[in-house]
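Colleague: I would like to go through a structure feature by feature. Please give me the general idea where there is one, and then the case at hand.

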Amino acid sequence: MTEYVLEMKGITKEFPSVKALDNVTFSVRKGEIHALCGENGAGKSTLMKVLSGVYPAGTYSGKILIKGKEASFKNIKESQDAGVAIIYQELALVGEMTLAENLFLGHDLMRSPVINWNEIYKKSMVALEKVGLDLDPQMKVSELTVGKQQLLEIAKALTKETDILILDEPTAALTESDVAVLIKLLNELRKQGVTCIYISHKLGEIMELADSVTILRDGQTISTNSIEYLTEEKIITMMVGRELTELFPYEVHEISDENVLHVENYTSYNKSGKKVVSNINFNVKKGEIVGFSGLMGAGRSELFISLFGGMPGKKEGTVKLNNKTVTIKSPADAIKEGFAYVSEDRKRYGLVLGMDIAKNTTLIALNKVMKLNVISQALEVRAAEEITTKMKLKAPNLDIEVGKLSGGNQQKVVLSKWIMNNPKLLILDEPTRGIDVGAKYEIYKIMNELVQQGVGIVLISSELPEVLGMSDRILVMCEGEITGEFTREEATQEKVMMCATGGEKRD
Amino acid sequence: MINEQTIKKESKLSFKFDLQSYTLIIALICIAIIFTFFTGGEFLSSRNISNLFTQMSIIAVLAVGMTLVIVAGHIDLSVGSIVGVTGGIAAMLQVWQGWSTPVVVLAAIIIGGLIGLWQGWWVAYRAVPAFIVTLGGMLIFRGVLIGLSDGQTISSLNPSFKQIGNSYLPFIPGYIVAAIAVILMIAFTVNGRRKRKEMGLLLLPSVIDYGKVAVYSVVLVVITYMLNRYLGIPIPFLIVAVIALVFMFITTKTAFGRRIYAIGGNPEAAALSGINIKRNTLYVFVSMGALAGVAGVLLTARLNAATVSAGNSYELDAIAACVIGGTSLMGGKGKIFGAIIGALIMASIDNGMSMMNIGAYWQYIVKGLILILAVWVDIISKNK
């Protein structure tokens with residue numbers, strides 16, 4: 001009986017309109033890494049909110065046993081005291097405070113009338129060392145990379161008596177090397193007997209890390225299995241409830257000889273005059289998907305934000321859109337030329353979260369739904385309906401706020417917004433980050449449709465399989481320069497990684 | 001499951017029950033009932049309704065402009081001083097220089113607009129927070145007013161100027177205006193339904209569409225009737241109605257209006273969507289300044305005088321009216337109609353409490369409490 005550190009039995013949670021969890025059973029053994037998988041909206045987050053007391057006892061039915069004892073948390077504090085710590089996708093750190101202050105925020109040490117800073121710093125050093133961070137505790141959190149902030153969050157959880165560590169999409173924003181560090185740390189923690197619930201869309205990580213996997217679909221437990229019995233394909237099939245023939249629905253298609261984008265000797269500086277990308281030469285043809293691979297910070301996003309006119313600073317070189325030399329000073333100029341840029345951070349740069357779906361989709365192509373400079377609501381709703389149907393957006397109606405949609409559906413709204421303007425060149429910057437398998441697949445399908453219509457697509461992605469699986473041609477960037485170019489046939493993970501890490505350059 | 005989905009699809013254009021607007025109206029009705037009860041019916045007398053609409057007009061004009069400013073994610077603390085300085089300059093130009101009323105009114109509005117241009121430039125193109133720019137403006141323009149007027153009260157304006165704030169649209173033209181409004185409302189609804197039908201879009205049940213028109217028409221006619229029982233529709237109220245309609249149109253039907261909401265909702269996403277944030281922000285402040293000029297004219301006309309303290313602390317009433325009307329101080333959300341009702345609620349409290357002979361200090365306390373209450377109601381309704 002006590003081999004389970006956590007047992008959730010028959011959990012049912014209803015919201016006014018939907019049954020989010022329906023008789024869910026979820027049991028975690030002591031000292032294991034237990035992956036929780038499911039598409040967005042399958043109920044993973046709801047289940048974790050039930051566990052952590054965000055939804056207090058009484059608002060759901062079912063039983064929670066922690067170390068064999070029944071628990072009913074009224075709030076987050078109570079679940080924390082019982083040893084449950086959650087680290088969310090959006091980190092909850094205070095950027096302007098020091099590492100030590102963040103580590104012990106809310107800790108008893110911070111509550112004494114006179115704070116004993118020396119003790120806090122000493123304990124911080126120990127806590128940081130535990131997660132492999134060799135840093136000064138008096139540093140500000142804002143100076144850390146996202147990967148290190150993630151480790152800091154884990155260190156913070158470990159300063160308390162934590163029996164169950166829950167990681168919600170911990171690697172969504174991490175670079176490959178940061179992911180490797182995190183995986184190593186979790187393996188280390190497992191040896192020390194920490195139990196971990198790992199929520200992720202990245203099945204590769206799950207296969208590498210997890211001991212067992214529980215799959216949720218539509219608010220129900222589909223299965224709990226030991227990892228030996230599973231493959232990525234099996235997990236996907238159970239998650240989506242149907243068989244996906246392939247992860248990347250690449251279709252051989254015709255590529256025209258005409259260039260949509262042609263960039264020559266392009267160098268761009270940031271506001272303070274520092275070189276961001278240098279001496280870039282490449283082209284994108286009509287109907288071609290060009291993948292841009294590289295490590296985080298290689299300058300891929302910066303290159304395209306700069307080309308798009310979204311970055312102030314000096315620029316050198318020639319840019320030709322549709323065989324016409326253009327000077328793009330602002331995003332408005334770029335949009336006029338048929339340029340579209342889907343940002344990697346959809347919440348920050350892509351959407352007005354408080355606005356409804358229809359209004360978000362027409363934000364760029366507003367003139368298409370206007371008559372005599374007056375917005376026609378009828379035209380707007382029709383245009384929004386058309387495009388969102390094409391994008392397979394799942395939403396009860398078009399006047400709900402975009403902020404209330406799941407990540408995958410939000411991304412479809414961003415795509416709708418740009419595609420409504422009929423772009424000739426579409427830049428997709430990490431288009432599938434934090435999106436479930438089903439929605440990913442649909443986005444790839446949309447890409448296929450667009451290239452068939454002659455749109456040129458640039459796919460920037462940190463996920464190598466995605467770049468290799470969807471691109472006609474792959475360019476690799478490292479430290480602001482293009483360091484490699486491969487055709488679809490030539491490219492392998494090893495070759496691309498070699499260029500991305502600058503390995504070839506240093507030969 | 002399939003059944004459920006089709007139902008969902010069908011209801012794509014379900015009747016939007018805009019709870020916020022309705023809670024506001026319910027609150028307004030409650031306030032009216034309470035005051036009517038305590039004043040023995042005097043609160044809803046024709047004479048008092050007429051007074052109420054006149055009293056609310058200045059704050060309502062300011063609240064319309066303030067809605068745009070707040071939706072765009074800014075604030076304007078200087079409007080009280082702009083009201084003072086534009087109203088003061090209007091009085092000076094007429095009383096001291098003998099300018100005619102139309103020119104003076106135009107001058108006041110243009111000066112207001114220029115002040116808005118100055119402040120908008122600092123906010124948009126020099127990236128100084130609006131709070132600071134307009135806090136500075138509040139001091140600067142009050143100072144300008146005192147300097148120009150030499151601290152004097154300037155009074156006795158031309159009768160034509162006074163009439164702007166103190167005259168009424170008489171009986172018959174009043175009904176004509178009301179009738180035109182009703183006809184237009186019906187025409188727009190019929191036309192809108194026809195267009196939707198042509199495009200194959202879902203329609204609301206006709207009962208709801210026409211029911212709404214019927215309710216609005218009845219309210220409009222009853223108000224006109226009540227006002228006509230006294231002296232007619234007060235001109236300041238008519239001005240408010242026209243301004244409100246124009247700005248409702250701007251906020252819901254023009255690209256400029258849509259962009260303001262996008263900028264206030266998420267400036268970074270708006271910028272990457274090709275929206276010129278600086279220019280649109282500048283326009284917002286110019287419109288606020290010009291509206292403050294209108295309010296300055298109304299105030300001077302009503303008092304038949306310009307004083308150095310004219311418009312003092314009006315900015316706070318205007319902001320409160322917006323917030324009570326559901327405008328979010330975080331930006332990106334707010335409606336002109338809400339701001340007008342907010343202004344009416346504020347004016348009702350002032351008016352009703354003075355009629356009950358409650359000390360003026362209570363008015364401040366009650367208005368303050370209602371402001372907090374309004375935001376709290378907003379927050380809990382969002383958390384549901």
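Colleague: How many strands form the open sheet that contains S6 and S10 of chain A, and in what order do they come?

Modeller: Strands of a sheet pair through backbone hydrogen bonds, and the pairing is either parallel or antiparallel. In this predicted model, chain A has an open sheet of 6 strands in the order S6-S7-S8-S3-S9-S10, with mixed pairing. Its edges are strand S6 (84–87) and strand S10 (220–226) of chain A, each of which pairs on one side only. From one strand to the next the twist averages 20 degrees.

Colleague: In which sense do S3 and S9 of chain A pair?

Modeller: Strand S3 (residues 33–37) and strand S9 (residues 212–217) of chain A are parallel, and 4 bridges link them. For a reference point in that pair, take A:Cys37, which stands opposite A:Ile215 in S9(A).

Colleague: What is the pairing in the open sheet of 4 strands in chain A?

Modeller: That sheet has the order S2-S1-S4-S5 (chain A), and its pairing is antiparallel. Strand S2 (19–29) and strand S5 (69–71) of chain A are the edge strands, each pairing on one side only. The twist here averages 25 degrees from one strand to the next. Within the sheet, strand S1 (residues 4–14) of chain A pairs with S2(A) over 7 bridges in the antiparallel sense. A:Lys13 stands opposite A:Leu21 in S2(A).

Colleague: Which residues point one way from strand S16 of chain A, and which the other way?

Modeller: A:Phe339 and A:Tyr341 point to one side of strand S16 (residues 339–342) of chain A, while A:Ala340 and A:Val342 point to the other, and all are buried. S16(A) runs parallel to strand S19 (residues 425–429) of chain A, to which 4 bridges join it. In that pair, A:Tyr341 is opposite A:Ile427 in S19(A).

Colleague: Where does A:Lys286 lie in chain A?

Modeller: A:Lys286 is in the loop between strand S12 (275–285) and strand S13 (289–294) of chain A.

Colleague: Is A:Lys286 buried or exposed?

Modeller: The test is a count of neighbours: a residue is buried if 20 or more other C-beta atoms lie within 10 Å of its own. A:Lys286 has 20 other C-beta atoms within 10 Å, so it is buried. Apart from neighbours within four places in sequence, A:Lys286 is in contact with A:Ser256, A:Glu258, A:Val260, A:Gly454 and A:Gly456. A:Glu316 is 30 residues away from A:Lys286 along the chain, and their C-alpha atoms are separated by 25 Å.

Colleague: Now chain A as a whole. Why is chain A said to be as compact as a globular protein of that length?

Modeller: The secondary structure of chain A comes to 18 helices and 22 strands. Its radius of gyration is 24 Å, close to the 23 Å that the globule rule gives for 507 residues, so chain A is as compact as a globular protein of that length. The C-alpha trace of chain A spans about 70 × 50 × 45 Å along its principal axes. Of the 507 residues in chain A, 46% are buried. Among contacts in chain A between residues at least 6 apart in sequence, 68% join residues at least 24 apart.

Colleague: Which domains does the assignment give for chain A?

Modeller: The domain assignment gives domain 1 (4–240) and domain 2 (259–506) of chain A. Their C-alpha centres lie 32 Å apart. In the contact, domain 1 of chain A contributes 11 residues and domain 2 of chain A 12 residues. Helix H8 (residues 232–240) of chain A gives the most to the domain 1 side, with 3 residues. That side has 4 nonpolar, 4 polar and 3 charged residues.

Colleague: How many residues of chain B are in contact with chain A?

Modeller: 26 residues of chain B are in contact with 29 residues of chain A. On the chain B side, helix H8 (171–198), helix H11 (255–265) and helix H12 (267–272) each supply at least two residues. H11(B) gives the most, with 5 residues. By class, the chain B side has 8 nonpolar, 9 polar and 9 charged residues.

Colleague: At what angle do helices H10 and H15 of chain B cross?

Modeller: Two packed helices are described by the angle between their axes and the distance between the axes. The axes of helix H10 (residues 235–253) and helix H15 (residues 336–355) of chain B cross at roughly 145 degrees and come within 9 Å. H10(B) makes the contact through B:Ala244, B:Phe247, B:Met248 and B:Thr251, and H15(B) through B:Ile336, B:Phe337 and B:Ile340. These residues divide into 6 nonpolar, 1 polar and no charged.

Conventions:
Residues are numbered from 1 along each chain as its sequence is written. Chains are lettered from A and ligands numbered from 1 in the order in which they are written. This is a predicted model: local features need pLDDT of at least 70, side-chain atom pairs count only at pLDDT 80 or more; totals for chains, interfaces and linings use all residues. Domain bounds come from an automatic or database domain assignment. Two residues are in contact if their C-beta atoms, placed from the backbone, lie within 7 Å. Ala, Val, Leu, Ile, Met, Phe, Trp, Tyr, Cys and Pro count as nonpolar, Asp, Glu, Lys and Arg as charged, and the others, Gly among them, as polar. A residue is buried if 20 or more other C-beta atoms lie within 10 Å of its own, exposed if 12 or fewer, and partly exposed in between; C-beta atoms are placed from the backbone. Two strands pair if DSSP finds at least two bridges between them. Axes are lines fitted to C-alpha atoms, for helices over the stretch in contact, and angles run from 0 to 180 degrees between N-to-C directions. The radius of gyration is taken over C-alpha atoms; the globule rule is 2.2 Å times the number of residues to the power 0.38.
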